[in-house]
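Please consider the structure shown below. This report describes a ligand site, a pocket and a helix.

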Amino acid sequence: MDKNNIKKEYSNGEITVIWQSGKCIHSGNCVRNLHQVFKPKEQPWIKMEAASSEEIVNAVAKCPSGALSIK
Ligand code: SF4
């Protein structure tokens, strides 16, 4: 796999967040909008259990690059 474009999926059983590293411009919007869920220094870096699905969907919608999406 291309290390520069990793695709990861994180699910809470209701929604799945997809993150594509190659698209991420590291704007930090996700961290600012929902810091309890988006924790770049931790593994896994997206804590799906830390907020409601609605809050996560809203934060994902504010990602400027399209690196985050919902399935
Ligand atoms: S908001 Fe999107 S582009 Fe910005 S750091 Fe988060 S995932 Fe990356």
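This is a predicted model: local features need pLDDT of at least 70, side-chain atom pairs count only at pLDDT 80 or more; totals for chains, interfaces and linings use all residues.

Residues are numbered from 1 along each chain as its sequence is written, and side-chain values use heavy atoms, with hydrogens and water left out.

The ligand sits in the largest pocket, meaning that more than half of its atoms lie within 2 Å of the pocket's grid points. A pocket is an open set of points on a 1 Å grid over the protein atoms alone, where a 1.4 Å probe fits, with protein on both sides within 12 Å along at least five of seven lines; lining residues have an atom within 4 Å of a point. Its volume is about 260 Å³. Among the 19 lining residues, Trp19, Cys24, His26, Pro40 and Trp45 lie nearest the centre. Helix H1 (29-33) and strand E1 (7-11) each give two or more residues to this lining; H1 gives the most, with three residues.

Residues around the ligand include Trp19, Cys24, His26, Cys63 and Leu68.

| Group | Nonpolar | Polar | Charged |
|---|---|---|---|
| Shell around the ligand | seven residues | five residues | no residues |

In helix H2 (residues 53-61), Ser53, Ile56, Ala59 and Val60 are buried (under 20% relative accessible area). These residues lie on the same side of H2, because they cover an arc of only 125° around the axis. Glu54 and Ala61, on the other side of H2, are exposed (over 50%).

Methods: A residue is near a molecule or strand if one of its heavy atoms lies within 4 Å of it. Ala, Val, Leu, Ile, Met, Phe, Trp, Tyr, Cys and Pro count as nonpolar, Asp, Glu, Lys and Arg as charged, and the others, Gly among them, as polar. Grid points are joined across faces, edges and corners, and a volume is the space filled by probe spheres set on the points. Helices (H or I, at least four residues) and strands (E, at least two) are DSSP runs, numbered from the N terminus. Buried means under 20% relative accessible area, exposed over 50%, partly exposed in between (1.4 Å probe, protein chains only). The arc is that of the directions from the helix axis to the C-beta atoms.
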